[in-house]
Amino acid sequence: MTTMALIRGVGRAALAGSLSIVAVAGLLAAGIVSATAASPTPDAAGRSPRTTRPAGAAITVAVVLGASGTDTADALAPFEVFASSPAVSVYTVAASTAPASLGSGLALVPDHTFAEVGNGTLASPDLIVVPAVERPDGTEEAAARDFVAGAYGRGARVLGVCAGARLLAASGILDGHRATSHWSRLGALRGSRPQVRWTDGVRYVQDGRITTTAAVSSGIPGALRVLADLAGATEAERVGRLIDYPGWQPGQTTAIPAQRFGADDLGVLANLVLPWGRPAIDIQLRDGVGEIDAAALFEVYSYSQAAGAIATSSTGTVVTRHGLTLRTAVADPSVDRAGLVAGQLRSHTGRGGFDAAFEQLSRDTSPAVVQSVAKMLEYPLDRVSPQAPSVAAIWRTPMLLAAGALVAIAAGSLPYLLRRRRRAKRS
């Protein structure tokens, strides 16, 4: 073979490989865009018409909502913990009264604004709860950062839930303190916020007036721990029995496994980059739904990417068990879509919440994906009995991977096929 022929052969192979890579990259990019496309925007009208102070409540808790998007369970789960105690007055607060996006077409109407707390219309809270927000360092969250720093400076306790620690760090109040966050965020936080002593392998960290928790569901035991500090161990035990977090008991160890990404997370990655053919599910909300019941389904389907889940209700407005006003898309009876009613699902042991949500998820995806989502949420699956997934759920990802491989092969073969066609025309 001459040098020129060798060069041409290498060039053809490189072109074929490049076309294959471009085809695969295009498929993956299209998949990610499709999977993360904006959800329908709920109706933006109105403030929640609820009373936020139970008679005799001595402790005031404010749950902060972000302007850039707020994690559903980070906000709703601690809210239900504190709202379950008559010793606590709990409300949501944000930069404005516009509905705060929780994702999946769900939004929460804030009870009050930061300005109402700052100008004395409301008493300063004894505790502020800070969930994860989309852009904690962004200009749109400047008001939230100022509110957090101001409340802490006035003596309030702080509970940072999951990646809510990012907003706490951005506000400056974590400097010099021990703290934790979602395990997937800790590496980046150690690099960007070295003045904070980041800790992994713990359910929550308490350092002075600041409590921070690990991944999503850890906000529940973290909130119960703070409730015990504020209202007493007996009240926390009572609420803990109502909430029924797996294995929770007063004084239990905070140690949990230190998590890392691994091969067991590839199923979730495949769902993200290959979303075609996944089911579309309406998660229907009705008045009186428990806040944790509402959040659990959205969290497990959001993290798994096993289905496109959209929040719906009959009117577009739902009032939860403890008085929060949620905005959703209005259900369209003419559209034939699978539907799940939040709060009505039950696990094999008769439980709702995350137990029921994980058992439902197991019907729509593989056991590996269920395990991966549990790791992301740091939710114990001890009480969860996996259900048999459908045939479509088992074969969808392998078939899409095979189709993607065929597209890549076809793209890589295109130069060879074109050369053959030119030669055929000459002969």
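**Exercise 1.** Decide whether the crossing of α10 and α11 is left-handed or right-handed, and describe how these two helices pack.

*Solution.* The crossing of α10 with α11 is right-handed, where right-handed means that the near helix is turned clockwise from the far one by less than a right angle, and left-handed that it is turned anticlockwise. This is a predicted model, in which local features need pLDDT of at least 70 and side-chain atom pairs count only at pLDDT 80 or more, while totals for chains, interfaces and linings use all residues. Residues are numbered from 1 along each chain as its sequence is written, and side-chain values use heavy atoms, with hydrogens and water left out.

Two packed helices are described by the angle between their axes and the distance between the axes. For α10 (residues 291–304) and α11 (residues 353–364), the angle is about 35 degrees and the axes are 8 Å apart. The axes are lines fitted to C-alpha atoms, for helices over the stretch in contact, and angles run from 0 to 180 degrees between N-to-C directions. Helices (H or I, at least four residues) and strands (E, at least two) are DSSP runs, numbered from the N terminus.

As a last step, list the residues that meet, contact being heavy atoms within 4.5 Å: from α10 they include I292, A296 and V300, and from α11 they include F354, A357 and L361. By class, this contact holds nine nonpolar, three polar and three charged residues, where Ala, Val, Leu, Ile, Met, Phe, Trp, Tyr, Cys and Pro count as nonpolar, Asp, Glu, Lys and Arg as charged, and the others, Gly among them, as polar.

**Exercise 2.** Work out the order of the strands in the open sheet, and find which helices lie on it.

*Solution.* Begin with the order, which is β5-β2-β1-β6-β7-β11-β10, seven strands with mixed pairing; two strands pair if DSSP finds at least two bridges between them. The edge strands, each pairing on one side only, are β5 (112–113) and β10 (204–207). Further in, β7 (residues 157–160) and β11 (residues 210–213) pair in the parallel sense over three bridges, and G160 stands opposite T212 in β11.

Next come the helices. Helix α4 (residues 142–153) packs on the sheet, where it touches β1, β2, β6, β7 and β11, and its direction makes about 150 degrees with that of β6. Helix α2 (residues 72–83) lies across β1, β2, β6 and β7, and runs at about 155 degrees to β2.

**Exercise 3.** Compare S104 with D244: where does each residue lie, and is each one buried or partly exposed?

*Solution.* Most residues other than glycine have a negative phi. S104, however, has a positive phi near 55 degrees, and D244, also not a glycine, has a positive phi of about 60 degrees. S104 sits in the loop between β3 (100–103) and β4 (106–109), whereas D244 is found in the loop between α8 (233–243) and α9 (266–273).

For accessibility, buried means under 20% relative accessible area, exposed over 50%, and partly exposed in between (1.4 Å probe, protein chains only). S104 counts as buried because its relative accessibility is 18%, while D244, at 30%, counts as partly exposed.

**Exercise 4.** Find which residues I256 contacts beyond its neighbours within four places in sequence.

*Solution.* I256 lies in the loop between α8 and α9 and is buried, with a relative accessible area of 16%.
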